[in-house]
Amino acid sequence: MTSFIIRELKSTDTEALLAFEVRNRHWFEANIDARATSFYSPEGVADHIAGYLSDFASGAWHPLVIEDADGSIVGRANLKSIDSATACAEVGYRIDQHACGQGLATLALRHMIEQARVRWKLTQLVAYAYQANLGSQKVLDRCGFVLEHADGDDEPAKERRFVLFIHSAGSLR
Ligand SMILES: CC(C)(COP(=O)(O)OP(=O)(O)OC[C@H]1O[C@@H](n2cnc3c(N)ncnc32)[C@H](O)[C@@H]1OP(=O)(O)O)[C@@H](O)C(=O)NCCC(=O)NCCS
């Protein structure tokens, strides 16, 4: 794998993050919920970053980016809605279409699991993926997440819920 780093989102990431989100907009909208049109501007992304960093400061969110050797952002990963009372959080990730298939989402998810365990002392992570999103489900499965069955799970338009109990994460594949 070419060299990539995973680091925390910074207030100076506006330009790089906007470039990443704009060039992948259609790709992401084909797989995950679309963002508001107002997001796609320097002001929109600066507000988005400010919100994420504020939530990071309060311990509710852990925003990460994946950077390539040229300093371009090629992926994002977030520990979301961190709840210290229940020791639970949600994970989310998105990878540049041209950087897919190199294991970056798997790398990012493993990093988040470790951060969740060591830094945030969480015991449970949840993730949501549309049934048609086979790539994402493979990443979740590989990292030990288990599909939680629910009524209507076979509807393609419905998101499926996956769960990882971190104390059993020693079985990561
Ligand atoms: C899903 C996504 C995160 C995967 O990122 P990635 O960096 O390519 O993931 P990885 O390389 O770690 O692993 C993906 C695996 O799924 C496989 N895969 C991808 N698309 C697939 C498909 N349609 N059917 C079956 N397997 C598929 C890949 O071959 C790879 O498996 P391998 O390593 O055994 O070859 C990326 O495609 C993406 O960002 N999509 C748009 C946003 C999104 O869907 N985010 C997740 C929301 S739940």
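Aspartate 83 counts as partly exposed because it has 14 C-beta neighbours inside 10 Å, where a residue is called buried if 20 or more other C-beta atoms, placed from the backbone, lie within 10 Å of its own, exposed if 12 or fewer, and partly exposed in between. The model is a predicted one, in which local features need pLDDT of at least 70 and side-chain atom pairs count only at pLDDT 80 or more, while totals for chains, interfaces and linings use all residues. Residues are numbered from 1 along each chain as its sequence is written. Aspartate 83 is found in strand 3, residues 73-83; strands (E, at least two residues) and helices (H or I, at least four) are DSSP runs numbered from the N terminus. When neighbours within four places in sequence are left aside, aspartate 83 is in contact with Cys88 and Ala89, a contact being a pair of residues whose C-beta atoms, placed from the backbone, lie within 7 Å. Its C-alpha atom is separated by 33 Å from that of arginine 23, which is 60 residues apart from it along the chain.

Alanine 89, one of these contacts, is found in strand 4 and is buried, with 23 other C-beta atoms within 10 Å. Not counting residues up to four places away in sequence, alanine 89 touches Leu79, Lys80, Ser81, Ile82, Asp83, Ala116, Trp120, Leu122 and Leu125.

In helix 4 (residues 104-118), 15 residues should span 21 Å at 1.5 Å a residue, and the end C-alpha atoms are 21 Å apart, which agrees; the expected span is 1.5 Å times one less than the number of residues. The buried residues of helix 4 include Leu104, Ala105, Ala108, Leu109, Met112, Ile113 and Ala116. The largest nonpolar core has 35 residues, and those with the most contacts inside it are Ala108, Leu109, Met112 and Leu125; such a core is a set of buried Ala, Val, Leu, Ile, Met, Phe, Trp, Tyr and Cys residues joined through C-beta atoms within 7 Å. Helix 4 gives the largest share of this core, seven residues. Leucine 109 is in contact with Val91, Tyr93, Val139 and Cys143, leaving aside its neighbours within four places in sequence.

In helix 1 (residues 14-23), Leu17, Leu18 and Phe20 are buried. They cover an arc of only 160° around the axis, which puts them on the same side of helix 1, the arc being that of the directions from the helix axis to the C-beta atoms. Helix 3 (42-57) and strand 3 are among the elements that cover these buried residues. In helix 5, the buried residues are Ser136, Val139 and Leu140. Seen down the axis of helix 5, these residues fall within an arc of 95°, so they line one face of the helix. Their cover includes helix 4, strand 5 (124-130) and strand 7 (159-165).

The ligand is surrounded by 20 residues, of which the closest are Cys100, Ala105, Thr106, Leu134 and Gly135; a residue is near the ligand if its C-beta atom, placed from the backbone, lies within 6 Å of it. Strand 4 (88-95), helix 4 and helix 5 (134-142) are the elements that give two or more residues to this shell, and its largest share, five residues, comes from helix 5. By class, the shell has ten nonpolar, eight polar and two charged residues, where Ala, Val, Leu, Ile, Met, Phe, Trp, Tyr, Cys and Pro count as nonpolar, Asp, Glu, Lys and Arg as charged, and the others, Gly among them, as polar.

Key
Contact = placed C-beta atoms within 7 Å.
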